[in-house]
Amino acid sequence: MVDFKLTEDQLEMQNLFRKFAQEQILPIAEEMDEKEEMNMDMVKQMMELGFFGVPFSEEVGGTGMDYLTYCLLMEEVAKVCGSTSITISVHTSLCASIVEQYATPEQKEKWLRPLVDGSKIGCFGLTEPNAGSDVAGAVTTADKDGDFYVINGSKIFTTNSGFADTFLVFALTDKSLPAHKGMSAFLIDRNTPGLEVQQDIKRMGIRAASNAEVYYNNVRVPKEDMLGKEGSGFKIAMQALDGGRIGIAAQSVGLAQGALDAAIKYCKERKQFGKPITAFQNTQFRMAEDQANINAARLLTWQAAVAKDNHENYGFYAAQAKMFASAMANDVCRHAVQYMGGYGYCREYGVERLLRDVKITEIYEGTNEVQKMVMSGSMLR
């Protein structure tokens, strides 16, 4: 039996997320975008409310919710602010979730608990200036030196790096092997000597999120802070991205729903040719199509989340959801601006910000072309 209903607990959390997003994030979203700076007081509130520990067990300091509830959080926050939603996503999907999966009991106490109990924020360093979709092109190295590994290289587009406490970083521990066999993962504290976070990269969208290049100059990492086994880094990174794609799918759904909701509100009030814009059949039909596509993307996202919650092989579902939802969201956000005409293009109404924010959903956590590679590879094996 397939049940599309949320549980009472999930509905309660959804209402909490929506209330916080509408009352605490929406009023400052435009200002954060203009300043290109995350409001850390607001982030601290989210941490105190447990937003950064949603899909983690209470044993390690989380809220004990599931990945589907995390998707509800992502959607409600993304409706009003793409920057805030990606801050939560990278911390949860790419950093903390993969630490939970691969950490030893000792590492969970040292690294995971602070990430999920609201104490610290995590980031994820995989992409390099010359290694984006081609992760195997990475050149950052980690050379063994007694009880330490010495990391040298740089990572780019490291979201959350401007204020993150914990860096999950991937480097080559055996340069004689291909990256999928010679890469390892490391957990590094922000204050480790040699770790240097550069200025945020100027971007088209998600401008309030922190996204910088990070240099690693002879960064010494104790061997006990390696995550997983030596040489397992590529596998760990790919599994992190699988989970991350679910978060981006949920973000895409939220951005699209937020844009459509704003456009509907405006078009009900805005009159042209003597009647509201919503009275025109062309507008009605396109809005109906937009909502159907949002709902379809939401169900694909929930399917992937439930598969992850059930410990099933969810990689195909995650790629499918991310590919469909991000493409859909780009269409819907573009439509929202068009519905509103010249006012949609103005910053006052917020939909232009959602349109700028949404483009990146087709790029990060694997471009949509990569998602097609993942899906077709699974289908044709």
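Buried means under 20% relative accessible area, exposed means over 50%, and partly exposed lies in between, with a 1.4 Å probe and protein chains only. The model shown is predicted, so local features need pLDDT of at least 70 and side-chain atom pairs count only at pLDDT 80 or more, while totals for chains, interfaces and linings use all residues. Residues are numbered from 1 along each chain as its sequence is written, and side-chain values use heavy atoms, with hydrogens and water left out.

**Figure 1. Arg-245 is a buried residue of helix α7.** Helices (H or I, at least four residues) and strands (E, at least two) are DSSP runs, numbered from the N terminus. Arg-245 belongs to helix α7. Its relative accessibility is 4%, and therefore Arg-245 counts as buried. Contact means heavy atoms within 4.5 Å. With neighbours within four places in sequence left aside, Arg-245 is in contact with Ala-318, Ala-319, Lys-322, Glu-365, Gly-366, Val-370, Gln-371 and Val-374.

**Figure 2. The largest nonpolar core has 39 residues.** A nonpolar core is a set of buried Ala, Val, Leu, Ile, Met, Phe, Trp, Tyr and Cys residues joined through side-chain atoms within 4.5 Å. In soluble globular proteins, nonpolar side chains tend to be buried together. Ile-25, Met-42, Met-46, Phe-52, Ile-88 and Ile-246 touch the most other members of the largest core. Two or more residues of this core come from each of α1, α2 (40-48), α3 (67-78), α7 (233-269) and α8 (281-309). Apart from neighbours within four places in sequence, Ile-246 is in contact with Tyr-67, Cys-71, Thr-301, Ala-304, Ala-305, Lys-308, Tyr-314 and Ala-318. A second, separate core has 35 residues, including Leu-112, Val-135, Leu-168 and Ile-236.

**Figure 3. One cavity of 30 Å³ or more is found in the whole structure.** On a 1 Å grid over the protein atoms alone, a cavity is a set of points where a 1.4 Å probe fits but cannot get out; a pocket is an open set with protein on both sides within 12 Å along at least five of seven lines, and lining residues have an atom within 4 Å of a point. Grid points are joined across faces, edges and corners, and a volume is the space filled by probe spheres set on the points. The largest cavity holds about 30 Å³ of space. Its lining is made of Glu-30, Asp-33, Glu-34, Arg-347, Gly-350, Glu-352, Arg-353 and Arg-356. The elements that give two or more residues to this lining are α1 (8-35) and α10 (351-358). Ala, Val, Leu, Ile, Met, Phe, Trp, Tyr, Cys and Pro count as nonpolar, Asp, Glu, Lys and Arg as charged, and the others, Gly among them, as polar. On that basis, the cavity lining has seven charged residues, one polar and no nonpolar.

**Figure 4. The second largest pocket is lined by 21 residues.** About 500 Å³ of space lies in this pocket. Of its lining residues, Leu-26, Gly-258, Ala-262, Tyr-349 and Gly-350 are the closest to its centre. At least two lining residues come from each of α1, α7 and α10, and α7 gives the most, with six. By class, the pocket lining has ten nonpolar, eight charged and three polar residues.

**Figure 5. Two phenylalanines have a positive phi.** Phi of Phe-157 is near 55°, a positive value in a residue other than glycine. Phe-157 lies in strand β3 (residues 148-159) and, at 47% relative accessibility, counts as partly exposed. For Phe-273, phi is also near 55°. Phe-273 is placed in the loop between β9 (271-272) and β10 (275-276), and its relative accessibility of 79% makes it exposed.

**Figure 6. The structure has zero disulfides.** A disulfide is a covalent bond between the sulfur atoms of two cysteines. Here, a disulfide is counted as a pair of cysteine sulfur atoms within 2.5 Å. The closest cysteine sulfur to that of Cys-333 is in Cys-81, 13 Å away, which is too far for a bond. Cys-333 is buried, with a relative accessible area of 0%. For Cys-346, the closest cysteine sulfur is in Cys-267, and the separation of 14 Å is too far for a bond. Cys-346 is partly exposed, at 36% relative accessible area.
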